[in-house]
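Here is a short briefing to read beside the model. Take a look at the fold, then follow the notes below.

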Amino acid sequence: MNLINIIGIAIVSAILSLTLKRHNPEFSMAINIMSGIILVLGILSNVLPSVNEIKSLIFNTGVPSEYISILLKSLGIAFFTQFSSDACIDAGQTALSSKVELAGKVMILIVSLPLLKEAVGVITKLLR
């Protein structure tokens, strides 16, 4: 999906959502969520070849594959957290949105703990 398609879907969805919001707010919310899912899937289809290229570049440098795994998991968590948070905001649930963002930050911290442990180990060795 190219940028023109993404922009077109977003504009049509926004117009449809605003039109339906007056009469059927539930359908407006459903359109927002479904168009968001379609857009994220379209974007991900463009990103996957780049991810494979990044993986091959990192493997060629000799960096452990665990590091790229942590990076990609963190990136995925950040994207899906942002999408979920925005959906909550669209629904008028800003407090819930902030809880989703907090959960995403905690999950990124949990995923990156092995990297943090490795960094602390290196720093400890350097200080000795």
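The largest pocket has a volume of about 560 Å³. A pocket here is an open set of points on a 1 Å grid over the protein atoms alone, where a 1.4 Å probe fits, with protein on both sides within 12 Å along at least five of seven lines. Its volume is the space filled by probe spheres set on the points, which are joined across faces, edges and corners. This is a predicted model, so to speak of local features takes pLDDT of at least 70 and side-chain atom pairs count only at pLDDT 80 or more, while totals for chains, interfaces and linings use all residues. Residues are numbered from 1 along each chain as its sequence is written, and side-chain values use heavy atoms, without hydrogens and water.

**The largest pocket**
- By class, the lining has 14 nonpolar, 4 polar and 2 charged residues (Ala, Val, Leu, Ile, Met, Phe, Trp, Tyr, Cys and Pro are nonpolar, Asp, Glu, Lys and Arg charged, and the others, Gly among them, polar).

**α2 against α3**
- Helix α2 (residues 25-61) packs on α3 at an angle of about 165°, with the axes 12 Å apart; axes are lines fitted to C-alpha atoms over the stretch in contact, and angles run from 0 to 180 degrees between N-to-C directions.
- That makes α2 roughly antiparallel to α3, a term for angles over 145 degrees.
- Val 40 and Leu 44 of α2 and Phe 80 and Phe 83 of α3 are among the residues making this contact, where contact means heavy atoms within 4.5 Å.
- The contact has 14 nonpolar, 3 polar and 2 charged residues.

**α3 against α4**
- The axes of α3 (residues 65-90) and α4 (residues 94-111) come within 8 Å and cross at roughly 175°, which makes α3 roughly antiparallel to α4.
- Contributors include Ile 77 and Cys 88 of α3 and Val 100 and Gly 104 of α4.
- This contact has 10 nonpolar, 6 polar and 2 charged residues.

**α1 against α2**
- The axes of α1 (residues 3-21) and α2 come within 8 Å and cross at roughly 170°, and the two are therefore roughly antiparallel.
- The residues of this contact divide into 11 nonpolar, 5 polar and 1 charged.

How values were computed
Helix = DSSP H or I, 4+ residues; strand = E, 2+ residues; numbered from the N terminus. Parallel < 35°, antiparallel > 145°, perpendicular 65-115°, else oblique. 1 Å grid on protein atoms, 1.4 Å probe; cavity = no way out; pocket = protein on both sides within 12 Å on 5 of 7 lines; lining within 4 Å.
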